[in-house]
Amino acid sequence: MKQLLIVEDDPGLQSQMRWCFTDAIEVSVASDRESALTALRRMEPQVVTLDLGLPPDPGGASEGFALLEDILRLAPMTKVIVVTGREDKENAVKAIGMGASDFYQKPLDADILTFVVNRAFRLAELELENRELASQSNGTRIKGIVAASPEMLAICRTIEKVAPTDVTTLITGETGTGKELLARALHDLSSRADKPFAAINCAAIPENLLESELFGFEKGSFTGATQSKKGKIENANGGTLFLDEIGDMPMALQAKLLRFLQERVVDRVGSVKPVPVDVRVVCATHRDVQELITQGTFREDLYYRISEITLDVPALRDRDGDALVVAQSLLQSLGKQMDRPNLTFTEDAIKAIKNHPWPGNVREMINKVKRATIMADGKRVTAADLELNCDMAGPESQLNLRQVRENAERAVILQALQSCSFNMAQASRLLGITRPTLYNLTDKYRIETSAESPSA
């Protein structure tokens with residue numbers, strides 16, 4: 001059942017606000033900081049309306065701000081709606097900056113109040129669904145991949161379809177985009193999951209050693225070969241072989257790899273007896289393979305052999321909305337690892353995360369969030385903690401309540417559409433609005449209503 005806590009010291013307003021809500025919402029009231037914290041612990045409400053003017057400072061806001069900090073610390077997922085006087089915009093701005101989700105101005109208007117509270121309940125419900133999906137491998141079956149954008153979810157769906165097959169797959173994308181995680185997912189979601197996963201980085205091993213590492217060697221085949229040794233390909237027998245940075249593989253070795261892919265037999269260095277191997281091959285590179293072919297440094301016939309299926313992983317900056325989703329997931333997991341739970345980002349940190357180009361992609365983000373988890377004072381992580389420029393968004397980075405509400409509304413609508421596979425009827429029911437209203441809002445925010453659209 002939905003639970004609402006009203007924190008208001010005026011008995012008359014308490015009564016008026018209580019009667020604004022139907023029986024579908026369980027309402028509790030508190031008149032001061034102590035009783036509010038007691039109710040918070042007892043009922044764990046999804047939404048709190050908080051009048052900043054509480055005793056012993058009913059004419060000011062110090063007690064209200066102190067209670068806001070307490071709520072955000074004790075129940076960081078609770079949506080707090082700050083209630084202020086009509087001329088008290090400065091405190092409303094400050095409260096939003098501290099972490100309140102919305103504000104409401106007196107005098108009481110029942111329709112507006114119920115609208116604001118119901119919107120907060122919808123936000124809380126959607127966040128809960130998102131956390132539940134995150135607990136189930138972040139909304140996908142792929143371990144370690146956090147994704148909410150249509151671009152990345154499409155990649156994950158393709159992985160799930162391709163994994164049960166044995167087709168040779170090429171994964172392309174910038175450094176730090178998670179290509180090895182996707183390669184492991186192809187293995188883990190296949191019938192080969194209980195067999196070996198052998199990975200080798202073709203750029204990290206000297207050319208004169210790469211052949212023996214891949215194909216193995218016989219005793220006495222070269223100086224120092226005191227005994228026979230299987231290569232990575234043989235070690236992966238029955239499982240999956242992952243060739244990372246295959247774009248850096250020497251030309252001479254490309255010919256031998258091509259023969260293996262065609263014949264599925266391994267010729268160890270110094271041996272004349274081919275060894276049959278049953279292995280699924282997954283390759284990855286951050287290089288432009290077509291350009292390498294044009295330059296004559298990569299065999300075209302090998303390219304066609306390794307790219308029966310090609311997955312082009314988008315950069316983090318091209319994954320609409322994923323930067324903040326990934327950052328929040330990292331903050332949560334790293335906070336637990338470092339015994340600093342319930343950390344949250346400040347508004348300037350959120351702006352900086354959204355506007356930073358992330359040239360190092362997720363790998364860069366991991367480093368910055370790990371540093372911030374260590375350096376943050378208190379429970380709030382700032383742009384400075386992340387070593388990001390909070391001014392990079394220009395004048396628009398200044399806090400604007402209307403813009404904050406519109407951004408939140410757009411994000412919730414987009415999330416609802418994605419969770420319903422862009423079924424407008426289901427999404428409107430999830431959001432608690434009519435279909436015509438949803439169409440009006442998608443037009444207003446220029447949200448495409450087709451899952452195939454890259455801007456959706």
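**Domains, helix contacts and backbone exceptions in a predicted model**

Asp 322 is placed in helix α13, which covers residues 322-337. The model described here is predicted. Asp 322 is buried, because its relative accessibility is 0% and residues under 20% are counted as buried. Apart from neighbours within four places in sequence, Asp 322 makes contact with Val 146, Ala 147, Ala 148, Ser 149, Met 152 and Leu 316. One of these residues, Met 152, also takes part in the contact of α6 with α7, described below.

The chain is divided into four stretches by domain assignment: domain 1 spans 2-130, domain 2 spans 150-314, domain 3 spans 318-397 and domain 4 spans 401-444. Between the C-alpha centres of domain 1 and domain 2 the distance is 57 Å.

Two helix pairs were examined. Helix α6 (residues 150-162) packs with helix α7 (residues 179-188) at about 35 degrees, and the axes are 8 Å apart. The crossing of α6 past α7 is right-handed. On the α6 side the contact involves Met 152, Ile 155, Ile 159 and Val 162, which meet Leu 182, Ala 185 and Leu 186 of α7. The residues of this contact comprise seven nonpolar, no polar and no charged.

In the second pair, helix α17 (residues 424-431) and helix α18 (residues 435-444) have axes that come within 9 Å and cross at roughly 95 degrees. The two helices are therefore roughly perpendicular, since angles of 65 to 115 degrees fall in that class. From α17, Met 424, Ala 425, Ala 427, Ser 428 and Leu 431 meet Arg 435, Leu 438, Tyr 439 and Thr 442 of α18. Here the contact residues divide into six nonpolar, two polar and one charged.

Backbone geometry was considered next. Most residues other than glycine have a negative phi, and most peptide bonds are trans. Two cis peptide bonds are described here. Pro 55 and Pro 56 are joined by a cis bond with omega of about 10 degrees, and Pro 56 sits in the loop between β3 (47-51) and α3 (62-74). The bond from Lys 106 to Pro 107 is likewise cis, with omega near 5 degrees. Pro 107 is found in the loop between β5 (102-105) and α5 (110-135).

Positive phi values occur at two glutamates, Glu 44 and Glu 245. Glu 44 has a phi of about 45 degrees and lies in the loop between α2 (33-43) and β3. For Glu 245, phi is near 50 degrees, and the residue belongs to the loop between β8 (240-244) and α10 (251-263).

Asp 194 counts as exposed because its relative accessibility is 65%, and the exposed class begins over 50%. In sequence, Asp 194 and Gly 239 are 45 residues apart, while their C-alpha atoms are 7.8 Å apart in space. Asp 194 is thus exposed at 65%, whereas Asp 322 is buried at 0%.

Note on methods: Residues numbered from 1 in each chain as written. Predicted model: local features only at pLDDT ≥ 70, side-chain atom pairs only at ≥ 80, totals over all residues. Heavy atoms only, no water. Axes fitted to C-alpha atoms, helices over the stretch in contact; angles between N-to-C directions. Helix = DSSP H or I, 4+ residues; strand = E, 2+ residues; numbered from the N terminus. Parallel < 35°, antiparallel > 145°, perpendicular 65-115°, else oblique. Contact = heavy atoms within 4.5 Å. Nonpolar A, V, L, I, M, F, W, Y, C, P; charged D, E, K, R; others polar. Domains from an automatic or database assignment. Left-handed = near helix turned anticlockwise from the far one by under 90°. Buried < 20%, exposed > 50% of the residue type's maximum accessible area, 1.4 Å probe, protein only.
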